[in-house]
Amino acid sequence: DPNITNKSNMKELFHGSDFVALRQIYTFGFNRSYAGKNATAYGRGDYFAVNADYSLSFSRGGKDGTVTARQNNLLGMLLVEVLTGDSALGNSDIPEAPCKPGTQTPYNSVVNNEKNPIMYVTFRDNQAYPSYFITFKA
C-alpha cells in the first residue's frame with residue numbers, strides 16, 4: 001500500500017475463530033465479506049489481537065468445528081502477518097478506516113486504543129497473511 005508511512009508497519013498478530021473458518025482463511029486468505037461474525041466494536045473489518053489469549057476467546061471447536069476437531073477437543077487460531085501501517089481509533093459505525101486529518105488518504109488500520117493497542121482492525125483482505133495455523137487441545 002503506497003499510503004503506508006509508518007516504519008513499523010508489519011506486525012505478527014493472532015486471529016481466533018471456529019475451526020472451519022480458520023481452515024478456510026488459512027487456505028484461501030481473509031475475506032472481509034464475512035467480517036462482523038464475531039465483532040464490530042471498532043469497525044466492520046478483520047480483527048487481530050496482539051496477545052494470543054485474547055484470540056483464544058474466539059477460538060471454538062465444539063459444534064462450530066470439524067468432526068475431527070470435536071472428537072479431539074481441538075481449538076485453533078492463526079498467527080498472521082498484518083500490514084497495520086498508520087492506525088486511528090476505531091468505532092462500530094465505520095465500514096472503512098477514516099481519512100487522515102486534512103487529506104483524503106485513509107489510515108491503514110484502526111485500533112481499540114491509540115497509545116497501547118491490544119487489537120487491530122484492517123479493511124483490505126490483502127493486508128493480512130495467515131502464516132501459521134496453531135492447534136491445541138481444549
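Reader: Which residues does Ser 55 touch, not counting residues up to four places away in sequence?

Author: Contact means heavy atoms within 4.5 Å. By that rule Ser 55 touches Phe 14, His 15, Gly 16, Ala 49 and Met 77. This is a predicted model, where local features need pLDDT of at least 70 and side-chain atom pairs count only at pLDDT 80 or more, while totals for chains, interfaces and linings use all residues. Residues are numbered from 1 along each chain as its sequence is written, and side-chain values use heavy atoms, with hydrogens and water left out.

Reader: What does the side chain of Ser 55 reach?

Author: A polar contact is a pair of N or O atoms within 3.5 Å; within protein, one must be able to donate a hydrogen and the other to accept it, and residues adjacent in sequence count only if both atoms are side-chain atoms. Here the side chain of Ser 55 reaches the backbone oxygen of Phe 14 at 3.1 Å.

Reader: Why does Ser 55 count as buried?

Author: Buried means under 20% relative accessible area, exposed over 50%, partly exposed in between (1.4 Å probe, protein chains only). Ser 55 counts as buried because its relative accessibility is 3%. Leu 13, at 2%, is buried too.

Reader: Which residues of strand β6 are buried on each side?

Author: Strands (E, at least two residues) are DSSP runs, numbered from the N terminus. In a regular strand the side chains alternate between the two faces of the sheet. In β6 (residues 119-122), Met 119 and Val 121 are buried on one side, Tyr 120 and Thr 122 on the other.

Terms used: Helix = DSSP H or I, 4+ residues; strand = E, 2+ residues; numbered from the N terminus.
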